[in-house]
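Trainee: May we go through this structure together? I am new to it.

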Amino acid sequence: MNIVGVSLDKEAAAWKEAIAKDGLTWTQVSNLKFWDEPIAAQYGVQSIPATFILDATGKVVAQDLRGPELRAKILELLAK
């Protein structure tokens, strides 16, 4: 399983500071294009935060889960 964070930030320094402050250890990417971020456009992101779980083929298998629901879905997928 891979986790990738896609940021809609506009300023590199603020984005990197938030990564450090939040202790994010997984891969983080950003084109620093705010709502013009191509990945956000590809997945139709209309608000943030947005969460997408993709299978190995790139198919979205869950979207916008939070808290216990997100945890349960990840545990379910890891068990397969």
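Mentor: Let us begin with a term: buried means under 20% relative accessible area, exposed over 50%, and partly exposed in between (1.4 Å probe, protein chains only). This is a predicted model, in which local features need pLDDT of at least 70, side-chain atom pairs count only at pLDDT 80 or more, and totals for chains, interfaces and linings use all residues. Residues are numbered from 1 along each chain as its sequence is written, and side-chain values use heavy atoms, without hydrogens and water.

Trainee: How many aromatic pairs does a search of the whole structure find?

Mentor: The search finds two; rings of Phe, Tyr and Trp (its six-membered ring) pair if their centres lie within 6.5 Å, with planes under 30 degrees apart counted as stacked, over 60 as edge-to-face and the rest as tilted. Phe34 and Trp35 form an edge-to-face pair, 6.0 Å centre to centre with 65° between the planes.

Trainee: And why is the pair of Tyr43 and Phe52 tilted?

Mentor: The planes of Tyr43 and Phe52 are at 45°, so the pair is tilted; the ring centres are 5.3 Å apart.

Trainee: Is Phe34 buried, exposed or in between, and what about Trp35?

Mentor: Phe34 is partly exposed at 33% relative accessible area, and Trp35 is partly exposed at 37%.

Trainee: New topic: what does the side chain of Ser30 reach?

Mentor: The Ser30 side chain reaches the backbone oxygen of Ser7 at 3.1 Å and the backbone nitrogen of Leu32 at 2.9 Å.

How values were computed
Polar contact = N/O pair within 3.5 Å; in protein donor to acceptor, adjacent residues only side chain to side chain.
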